[in-house]
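Subject: Handover of a structure

Dear colleague,

I am passing on the structure below for your use.

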Amino acid sequence: MGASVPSEASGAGGPARSFATTVSSALAPVTGVLRSLEIDTRMLGMIAALIVIWISFNIVSGGNFLTARNLWNLSVQSASIAIMATGMVLIIVSRNIDLSVGSMLGFLGYTMAMIQAVWIPKNLGLGFEQPYAWVITLVIGIALGFAVGGLQGFIVAFGGVPSFIVTLGGLLVWRGLLFRYAQGQTIAPLDTTFQMLGGGTVGTRVGALGEWPSWILGALICLGIVGTLIASRRRKRRYGFPVRPMWAEVLVGVVACGVVIGTVWVANNYPLPPAVAEQYAQEHGIQAPPGGLFIPTGVAFPVVIMLIVTLVVTFLATRRRFGRYVYAIGGNPDAAALAGINVRRTIMLTFALMGSLAAVSAAVQTARLNAAVTSLGTQNELDVISAAVIGGTSFSGGIGTVPGAILGAVVMQSLRSGMVLLLVDSPTQDIVVGIVLVAAVGLDALFRRRVS
Amino acid sequence: MLIHTTDAPGVTPQRVPLVELRNIHVAFGGVRAVAGVTLDLYPGEVVGVVGGNGAGKTTLMRTLSGARPPDSGQILLNGQPVMIGNPRDAKTLGIETIYQTLALADNLDAPANVFLGRELEAAATLDDSAMESAARKVIGRLNPNFKNFKTPVLRLSGGQRQAVAIARAIHFNARALIMDEPTAALGPAETAQVHDLIRQLKSEGIGIFLVSHDIHDVFDLSERISVMYHGKLVETVNKNDVTTDEVLGMIILGKPPTKLTRQELAELHG
């Protein structure tokens, strides 16, 4: 791409160098604007890539990609990978890796299914469909994930065994344990309230917020964005630090809120399946209009869970000492230790957090499937690591953001879902995703060399 | 061991040393990096620690900064024995270190590095604005031209990085300071700045161990000079009692000038 530009320019009579200068001077106002906006250019590049992917798929598929239905499904499919990718960012930032997330997910998901479908109803004799079953399942699952991840972290941090080895062992051990105690059995069905966590429908109950709660959620997020912008500006003013120009502040707020409102709008444009809508209408005595009843689905619960996880992990990563230490360790482990940071404890906690997030994803995946199978989460580690890396997390440590990883997960899932729409077979999908992964990291490395 | 007298203003031999290292031993496997070294440091005094490569200067200083606790020996602060098991202990006791490598987290910005491990918090979250404000003050004192408070320190110049490392050491009201090759990476102007800073800190009553290869730096700044050779202390001398050549002789041959033979002296001077 870059090579063809100078040849065209020289073909037009002008030397390549003057072309380059023209381009850079033409871009000067753009870079100036970017600087005023104080937005990460890498993040902006990823958003641009995502838009290109979406529009291309939409054109090639004849308008089937950018539909409310497809985007809603895309959001649900991205959620479970994105949830784990937020934790993987912190692991990779601190110069470690967790290969065991897929196996942990399988093991935790199966255990959580056992809790609600076997242990509480049968072993404790309390019966199915207890209203509290989903909460207990979730709490025990997350705690178990914390312990399982923490154990691996303990071996990495205090045992001095490289994380690659520990979690490679974990990949085998957790899956093996799962096979042993599952004996090939699938646990199904699950508690119906628990199933809501997956975003599916049971009867007329839907695993999504519905129309008005979705709008309220959107409004709350927008309020949060505006509030954060104002608070940050006030704080900077108080200390006399430079602030963004007012127009930039407004632009950032408008664009961010626009994205939030647009997302809610798309989710509310995806109607419930006709059969569900009909049943709902019957139950509530609504007369269905001739064209069929349009009941908005709203933002899916897996997406709501992902938003909560993103908020929590971003807070840990950027507003707490824990996160600061994770980044410091990734930047220079010796310096972190000499600064008095408890490096081992911090590393152990990143793995424990990863385990908890694997449990949350396990809940979403088993709920969506309405079953726990022994193959649950197989190869998820590859998707999660890819999402983090495509999202700008560097294997040399110290660099990576939680929102970037979320975007990375959406980019990956967009590629897969678009190729499914185009009836691309699964091996070819793998080839494309593999190439994109390498290309993304390669381009990033090239870009960074240019800058420095 | 000699009885030290010092001509630093206001310092009398009877006073209790700020820091005493007594009979410190450190071994790495079979290598005795530091073998029975005793040193002391008075408030408002600079003690130069010199020696060739592998003489054990840095290892000795790392026992005081908590980076590598000694295998045996005692550390006293104001006459009281203290346990320094890790860098946090040392900092709590008011012993700050500027490492030769600077020990900066390259991916973090200057305020984050200054407060690394000692972050300011408000409502259980990091108070980045307060840290930046404080970092601007302390770094501004060292280098008024320093502007890049938001960029990762990786992208700063050698002098600016040094300023960040020094700011981190002096911001927390240190009583004793260890400076390991503080000017090795600096140009002449920046070196002069660091020299001014050392004199200023000295006048504030801070004791400084200055580890350096540069014998002229050491003669410029210190009251006493401790020479190390193969993990042992050759001798601690008053700067005014010796010449640079004599100190060089001690560094190279590992013997006090009084014990040098005529032949050794001749060889030393070519």
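At what angle do the axes of helix H13 and helix H15 of chain A cross? Please bear in mind that this is a predicted model. In it, the axes of helix H13 (residues 321-331) and helix H15 (residues 343-369) of chain A come within 10 Å and cross at roughly 105°. H13(A) and H15(A) are therefore roughly perpendicular to each other. On the side of H13(A), the contact is made by A:Phe322, A:Tyr325, A:Val326 and A:Ile329, and H15(A) contributes A:Val343, A:Thr346, A:Ile347, A:Leu349 and A:Thr350. Of the residues in this contact, 7 are nonpolar and 2 are polar, with no charged residues.

Next, the domains of chain B. Chain B is divided into domain 1 (16-94 + 173-187 + 199-270) and domain 2 (104-172). The centres of these two domains, taken over C-alpha atoms, are separated by 28 Å. Domain 1 of chain B gives 8 residues to the contact between them, and domain 2 of chain B gives 6 residues. The side of domain 1 that touches domain 2 holds 5 nonpolar, 2 polar and 1 charged residues.

Finally, the contact between the chains. Here 21 residues of chain B are in contact with 22 residues of chain A. On the chain B side, the elements that give two or more residues are helix H2 (87-92), strand E8 (125-126) and helix H4 (128-142). By class, that side of chain B has 10 nonpolar, 6 polar and 5 charged residues.

With kind regards

Definitions and conventions: Residues are numbered from 1 along each chain as its sequence is written. Chains are lettered from A and ligands numbered from 1 in the order in which they are written. This is a predicted model: local features need pLDDT of at least 70, side-chain atom pairs count only at pLDDT 80 or more; totals for chains, interfaces and linings use all residues. Axes are lines fitted to C-alpha atoms, for helices over the stretch in contact, and angles run from 0 to 180 degrees between N-to-C directions. Helices (H or I, at least four residues) and strands (E, at least two) are DSSP runs, numbered from the N terminus. Angles under 35 degrees count as roughly parallel, over 145 as roughly antiparallel, 65 to 115 as roughly perpendicular and the rest as oblique. Two residues are in contact if their C-beta atoms, placed from the backbone, lie within 7 Å. Ala, Val, Leu, Ile, Met, Phe, Trp, Tyr, Cys and Pro count as nonpolar, Asp, Glu, Lys and Arg as charged, and the others, Gly among them, as polar. Domain bounds come from an automatic or database domain assignment.
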